[in-house]
Amino acid sequence: MTSMTGYAYEEKTTDAAVVSVEIKSVNSRFLDLSVNLPSYLNPIESYFRGKISDKVARGKVDVYIRIKETHSEAAVEVDTELAKSYMKAYNKTIKAVGLPVVSPDAVFTALINQEGILNSNHDYDVEKYKAMIDPVFDAAFERFLQDKEREGANMKKDLLEKLGVLEGCAAFFKEWQPKMEGYFKEQITAKFNELLGENADQNRIMTETAAMLVKYTINEEIVRLCSHIGAMKTELNDNPVPGKRLDFICQEMNREINTIGSKNQFAEVGAMVINAKDALENIREQSKNVE
């Protein structure tokens, strides 16, 4: 089991460039993946997206791939015709407004700063950059997965502890179920005896008791709650990505606990219902972080 949150950063310096990869993720219902890299490397974006989606099922994952070249192979070209046009316009403007003669250095600085005068051409070898990024990405991704697994192990331990509390509540409900049935029978018998004395019809008492049990018994809810607890244990132990299933099981558990609470006639059971709801709420909140 892994967490949806994780972080990793890796950087490597070579003779040609400094390559860095940063990966971070937060909770999300589905996989929301964003890969940010220089625009000239867009052709290999799908390659890195595939690496992540193969091993990450849920979460908002942001990947930042940065390259700072220490040795550029870009060729710089000068548009001499455009430079002449700028110079001609510059001289014409000087004469028109009567400005004093400006130093050649100032003119040159102003000229090369004009758009289109200097143009750099870089022949981007995408496969070369891919080979440069790949080992750095793999190292960062491995650390990212380890971070998610470490957090996931802590979450699993906490979930199992909270599930143990809920299991104890279910055992308490099961123990009290026959006590509740006995209490209903005593209540009905006492009422009949109060009204009819020794002439009370035992068959009528049994019929009324059965009707009361149909209305207030919690046996079915206990059985279903125990079944859901077992299902959640299976998900936690056997399913590598149980997040969505945990959320569904929590909804089912909540329904059974609420029904037990609505049928309850005892203060002791009511207190345990509160404990069960508290444990379930902790499970529900923690499960939102599970992938």
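## Sheet and pocket in a predicted model

Tyr-9 has Glu-22 in S2 as its bridge partner. This is a predicted model, where local features need pLDDT of at least 70, side-chain atom pairs count only at pLDDT 80 or more, and totals for chains, interfaces and linings use all residues. Numbering starts from 1 along each chain as its sequence is written, and side-chain values use heavy atoms, with hydrogens and water left out.

Strands S1 and S2 run antiparallel, joined by 8 bridges. Strands here are DSSP E runs of at least two residues, helices are H or I runs of at least four, and both are numbered from the N terminus; two strands pair if DSSP finds at least two bridges between them. The open sheet has 4 strands in the order S1-S2-S4-S3, with mixed pairing. S1 and S3 are its edge strands, each pairing on one side only.

| Strand | Residues |
|---|---|
| S1 | 6–13 |
| S2 | 17–26 |
| S3 | 31–36 |
| S4 | 59–69 |

Helix H1 (residues 45–53) lies across S3 and S4, at about 145° to S3. Axes are lines fitted to C-alpha atoms, for helices over the stretch in contact (heavy atoms within 4.5 Å), and angles run from 0 to 180 degrees between N-to-C directions.

Now the pocket lining. Helices H7 (243–263) and H8 (267–287) each supply at least two lining residues of the largest pocket, with H7 giving the largest share, 3 residues. Lining residues have an atom within 4 Å of a point on a 1 Å grid over the protein atoms alone; a pocket is an open set of points where a 1.4 Å probe fits, with protein on both sides within 12 Å along at least five of seven lines. Among the lining residues are Met-4, Phe-30 and Asp-247.
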